[in-house]
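This report is a first guide for a reader new to the structure shown below.

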Amino acid sequence: MDESWPTHGWPTAAYGREKAYVERLLDTFEAEHPDRRVVRMRPGFIFRKETASQQRRLFAGPLVPGRIVRPGLIPVVPDVPGLRFQALHAADAGEAYRLAATRDVRGPFNLAADPVVDPAVLADLLGARTVRVPVGGLRAALGLAWLLRLVPASPQLLDLALRVPIMDTSRARNELGWTPEHTARDALAEFLEGLREGSGMATPPLSPDTGGPMRAREFTTGVGGKP
């Protein structure tokens, strides 16, 4: 889908509602200030090695042992109908923002690298095989884990993930002059390496120490306590 695809999000998922709200803020700003140059980026999932600890806390929770996320230790990847997404490396996302700031462009730009990530790509990265899993079964398992406060990701987030469009990035490549240097597979492989190593950076959101010893702070602040 190109940049004309509706940006209403999925109403039951807070993550999507927040992004849709930002789109409406930009719509209002553009209408009230037609003399201003407004550029909005719509990236796929952004990965790099140093974001692994934060993204694990936000979406997987403290019970996921990062060290096992390596080829040979995870035998299967669930093949869920509709589960596919786009990704890019943080350095490529940064380059797109640099180009937007320095070139006379306006409007929205979809950002993503090839290939589209699906269960087959994940299985190849992990040296695993895919096993067909119905959406209802996976959602029920995630819903139970959410109710038990074992994971921070709600089942509504899965609903959103199964409905994200596959974006056409032609406008970013042709008008912005943007070409990603990393493939989506490269970005995801670097993220998985960061998970295994507990990588991060010296800021509170990215620091691997933010969760506290044995990830205790993640438990005490309420895993799954926020939508």
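Because D27 and R24 are three residues apart in helix 1 (residues 14-32), about one helical turn separates them. The model is predicted, and in it D27 forms a salt bridge with R24, with 2.9 Å between the closest N and O atoms. With a relative accessibility of 32%, D27 counts as partly exposed, and R24 is likewise partly exposed, its relative accessible area being 32%.

A second pair, R98 and E95, also forms a salt bridge, and both of these residues lie in helix 3, three residues apart, which is about one turn of the helix. R98 counts as partly exposed at 43% relative accessibility, and E95 counts as partly exposed at 29%. Salt bridges that share partners also join E23, R24, D27, E30, R40 and R42 into one network.

Which parts of the chain does the salt bridge between E218 and R56 link? The side chains of E218 and R56 meet in a salt bridge, and this pair links distant parts of the chain, with E218 in helix 9 (residues 216-220) and R56 in helix 2 (residues 52-60), 162 residues apart. E218 is buried, and R56 is buried as well. The structure holds 15 salt bridges, and the table gives the distances for the pairs described here.

| Salt bridge | N to O distance |
|---|---|
| D27 and R24 | 2.9 Å |
| E218 and R56 | 2.7 Å |
| R98 and E95 | 2.9 Å |

The interior comes next. In soluble globular proteins, nonpolar side chains tend to be buried together. Here the largest nonpolar core has 31 residues, and L176 and W178 are those with the most contacts inside it. At least two residues of this core are supplied by each of strand 4 (85-89), helix 3 (90-102), strand 5 (107-111), strand 6 (113-117), helix 4 (119-126) and helix 8 (184-197). Helix 8 gives the largest share of this core, six residues. Apart from this core lies another, of six residues, among them V80, L142, V151 and L158. When neighbours within four places in sequence are left aside, the residues in contact with L176 are M41, A96, L99, A100, R103, V105, F109 and R171.

Helix 3 can be followed in more detail. It has 13 residues and reaches 19 Å from its first C-alpha to its last, close to the 18 Å expected at 1.5 Å a residue. Within helix 3, the residues D92, A93, A96, L99 and A100 are buried. They lie on the same side of helix 3 because they cover an arc of only 120 degrees around the axis. On the other side of helix 3, A101 and T102 are exposed. The buried residues of helix 3 pack against strand 1 (39-43), strand 2 (45-47), strand 4 and strand 5.

Is Q54 buried, exposed or partly exposed? With a relative accessible area of 23%, Q54 is partly exposed. Leaving aside neighbours within four places in sequence, Q54 is in contact with P205 and L206. Q54 and A145 are 91 residues apart in sequence, and their C-alpha atoms are 20 Å apart in space.

Methods:
Residues are numbered from 1 along each chain as its sequence is written. This is a predicted model: local features need pLDDT of at least 70, side-chain atom pairs count only at pLDDT 80 or more; totals for chains, interfaces and linings use all residues. Side-chain values use heavy atoms; hydrogens and water are left out. A nonpolar core is a set of buried Ala, Val, Leu, Ile, Met, Phe, Trp, Tyr and Cys residues joined through side-chain atoms within 4.5 Å. Buried means under 20% relative accessible area, exposed over 50%, partly exposed in between (1.4 Å probe, protein chains only). Helices (H or I, at least four residues) and strands (E, at least two) are DSSP runs, numbered from the N terminus. Contact means heavy atoms within 4.5 Å. The expected span of a helix is 1.5 Å times one less than its number of residues. The arc is that of the directions from the helix axis to the C-beta atoms. A salt bridge is a side-chain nitrogen of Lys or Arg within 4 Å of a carboxyl oxygen of Asp or Glu.
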